[in-house]
Amino acid sequence: MKILIITSLYPKDINHSVKETSWAVHELVKGLQFYDIEVVKILRPVPEIQWRNLKKKSLQFSNYIDEIRVETKSFLNIPKGRSFFFRTKDIEYFQSLIDDVDLVVAHMSDGAMIAHKLYQLYKKPYIYILHNSDLLKIDEHKKILSDAKAIYSRSWALNKQLLKKGITSKGVVYSGIEKKLILPYREHNEKKLKIISVNLLQKLKNIDITIEVLSSLVNYSWEYNIIGDGEEFDYLESLIKKYKLENRVKLLGFKDRKFCINEMRKSDIFVMPSSPETFGLAYLEGMASGCLVIGAKDWGIDGLITNNEDGYLVKARDKEDLKNTFIKIFTQNQSSIYKKSYKKIHQYTLEKAQKNYAQIILDNISNIEKYKKFCKNENIPVFSQPWWLDTVCGEDNWDVLLYEKGGQIWASFPYMIQSKYKFRTISMPKLTQVMGPFIKYPKGQKYYKRLSWENEIMNYFIDNLENIDSFSQNFHHAISNWLPFYWKGFSQTTRYTYVIDKSLDVEDLSKNFETDIRRRRRKADTLGVEVVESDDIETFYKINKMTFDRQEMEIPYSLEFIKNLYSSCKKNDACKIYFAQYENEIIAVNFLLYDTNTVYYLMGGINPEKRDLGGMDVILYESIKFALENGKDFDFEGSMIQSIEKYFRSFGAVQKSYMNISKVNSKALRFQTALKDMVKAIVR
């Protein structure tokens with residue numbers, strides 16, 4: 001499957017500093033390749049300001065990071081910092097962007113704004129992964145949130161914040177730590193504890209509160225290293241001097257990751273009671289290094305660690321709470337907390353985080369997209385192929401249920417859904433003989449287990465059908481067990497088709513024909529009736545329509561419908577049209593549809609004035625011959641009309657039964673149907 005990821009929280013190239021943007025999302029994206037997920041590109045939007053005579057020029061460029069294409073593109077930002085304004089050139093860009101994309105993954109509000117536009121323009125589904133900064137835009141992005149296929153967040157703590165605003169997250173896209181960074185369990189010297197913070201020096205990190213609290217605990221043995229740079233650096237330095245902590249608190253400035261991890265491995269406590277805070281990979285790095293973690297309640301690491309069990313959580317900017325926590329750590333044995341923290345960090349490796357991210361994406365692929373992949377690997381009959389359903393139903397008028405177990409699809413159940421007069425119905429599309437469930441069976445399954453397997457799958461399908469007023473489908477003749485439907489109140493009507501088996505030798509084909517068929521074929525040969533292949537849809541439709549006209553019936557499909565159908569079938573190498581020609585006049589036609597196993601006689605027609613020339617007989621002979629020579633069964637798509645049934649079996653075809661399964665749930669629709677039947681009976 002193919003996805004597009006849109007987020008500004010992504011490096012523009014391999015040299016992009018972590019001081020400017022986090023690499024956390026990139027670390028997750030790298031793992032998608034192992035789950036058959038292709039990232040078409042990362043779209044990294046940046047604001048292009050044109051407001052009150054301020055102008056930042058348009059830009060667009062691409063780089064590759066770990067073979068992942070990252071495209072940075074500017075969009076008009078009006079008013080500044082609020083939302084994107086999309087111009088004609090942006091719409092043209094979007095059209096090229098979404099080709100073959102199955103799902104859009106948006107991180108943060110800027111990515112979600114673009115994802116929502118793609119949804120409005122092209123109905124591309126998207127998931128919205130919220131970060132902490134998105135809380136500020138919840139009210140103005142209600143439509144973006146409601147149209148998303150699913151909403152996720154970057155932490156358990158953020159989920160709590162979203163719930164307060166009436167938004168339910170479906171899960172957490174968490175980050176993970178590389179296995180190699182997890183140290184073997186180490187003991188701690190609790191006589192002199194080393195405390196460390198690694199973060200940007202911003203007000204929300206609450207490092208000032210930490211310094212103030214520690215200044216009141218100088219009677220305990222500790223030292224504190226602060227790694228990071230930012231707007232609070234000078235202020236924190238002044239606090240250290242104010243409380244005369246120069247010998248115990250060190251501001252080390254910005255350091256690379258290797259230095260930070262080495263310092264954590266020498267430390268005992270990692271403290272970062274940030275509020276607000278989305279998650280912060282530094283928490284995991286601290287745990288992996290053997291540190292006991294202190295975070296803020298309802299933010300950041302809350303939800304991953306449990307207070308007083310495998311770490312500590314304090315109220316943000318609550319000096320007394322933080323002070324009591326430090327005293328507890330300084331005065332009580334913490335070996336149990338350290339051990340549980342060590343056990344917990346193994347649950348949050350990068351590999352597990354990548355798997356979680358991949359599973360979230362896979363869970364949001366529509367059943368139709370999954371089904372398209374499934375059909376490429378399975379022998380699905382042509383009437384249930386996605387391209388066929390797109391053509392005969394319309395792309396928005398069908399769906400499919402999938403039975404998944406153990407990470408794979410075992411069964412499928414496509415259906416056409418229609419809405420008419422406030423009734424929602426599932427019925428058979430035009431020119432579609434059969435649909436129903438397709439079921440795979442585990443190898444070596446015994447017969448009684450096979451029936452149990454079918455019952456389990458069919459019950460799942462019945463329970464998960466949409467809330468509908470009526471259901472009617474023809475099941476393929478390979479399906480013989482309809483008991484689960486019977487038990488749920490469905491009805492069954494047996495219907496018949498006629499099939500010539502592919503095992504029959506072409507040389508023996510005519511031996512099974514009834515005498516009249518052989519006679520008419522000889523007559524046609526004598527008269528010089530020939531069979532030709534053609535692409536002339538208009539002539540086909542003209543002759544096909546004569547069959548309906550002769551019976552004073554309205555043809556149930558238009559010429560445009562048949563043209564579109566033929567185009568789709570040709571594109572998928574699934575059809576052939578034969579004409580019977582006599583003295584340069586087309587006297588009979590047929591339309592063959594085929595899949596891997598079977599050639600179907602889909603439509604046909606004959607000029608009623610030329611019926612005695614044997615045109616249809618020679619066409620069907622050539623059609624059956626084509627099927628057998630290509631190792632396929634030939635299915636006449638049998639009729640319940642007596643004269644047609646007799647004609648089909650005259651070719652030596654074997655009768656096969658298939659089922660129509662139906663149920664009417666709506667009382668109003670049941671009454672309407674009964675009334676129509678009553679009127680028909682009176683007319684007769």
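1. Helices here are DSSP runs of H or I with at least four residues, numbered from the N terminus. Helix 16 covers residues 483-487, and Tyr486 is part of it. The model is a predicted one.

2. Tyr486 also belongs to a nonpolar surface patch, together with Leu483 and Trp487. The area of this patch is about 360 Å².

3. The largest pocket holds about 2,100 Å³ of space. Its lining counts 50 residues, and those closest to the pocket centre are Ser366, Ile368, Glu369, Lys370 and Lys372. By class, the lining residues divide into 23 charged, 16 nonpolar and 11 polar.

4. Which helix gives the largest share of that pocket lining? Helix 13 does, with 10 residues; this helix spans 367-377. Other elements that each supply at least two lining residues include helix 3 (108-122), helix 12 (350-363), helix 14 (386-393) and helix 19 (559-571). Strand 17 (398-405) and strand 18 (408-420) each supply at least two as well.

5. The largest cavity contains about 60 Å³. Its lining consists of 6 nonpolar residues, 3 polar and 1 charged. Among the lining residues are Pro184, Tyr185, Arg186 and His188, as well as Met287, Gly290 and Cys291. Tyr338, Ser341 and Tyr342 line the cavity too. Helix 11 (residues 335-345) gives the most to this lining, with 3 residues.

6. A search for aromatic pairs over the whole structure returns 43. One of them is formed by Phe513 and Phe651, with 5.2 Å between the centres and 75° between the planes. The pair counts as edge-to-face because its planes are over 60 degrees apart.

7. The Phe513 and Phe651 pair connects distant parts of the chain, 138 residues apart. Phe513 sits in the loop between strand 22 (491-500) and helix 17 (515-527). Phe651 sits in the loop between helix 21 (642-649) and strand 28 (654-664).

8. Two backbone details can be checked by eye. The peptide bond joining Ser275 and Pro276 is cis, with omega at about -5°. Pro276 is in the loop between strand 14 (269-271) and helix 9 (281-288).

9. Asp66 falls in the loop that runs between strand 5 (60-65) and strand 6 (68-77).

Notes. Residues numbered from 1 in each chain as written. Predicted model: local features only at pLDDT ≥ 70, side-chain atom pairs only at ≥ 80, totals over all residues. Heavy atoms only, no water. Patch = residues over 30% accessible without salt bridge, like charges linked within 9 Å, V, L, I, M, F, W, Y side chains within 5 Å. Areas by Shrake-Rupley, 256 points an atom, 1.4 Å probe, with all protein chains shown as cover. Salt bridge = Lys/Arg side-chain N within 4 Å of Asp/Glu carboxyl O. 1 Å grid on protein atoms, 1.4 Å probe; cavity = no way out; pocket = protein on both sides within 12 Å on 5 of 7 lines; lining within 4 Å. Points joined across faces, edges and corners; volume = space filled by probe spheres on them. Nonpolar A, V, L, I, M, F, W, Y, C, P; charged D, E, K, R; others polar. Phe/Tyr/Trp six-rings, centres within 6.5 Å; stacked < 30°, edge-to-face > 60°.
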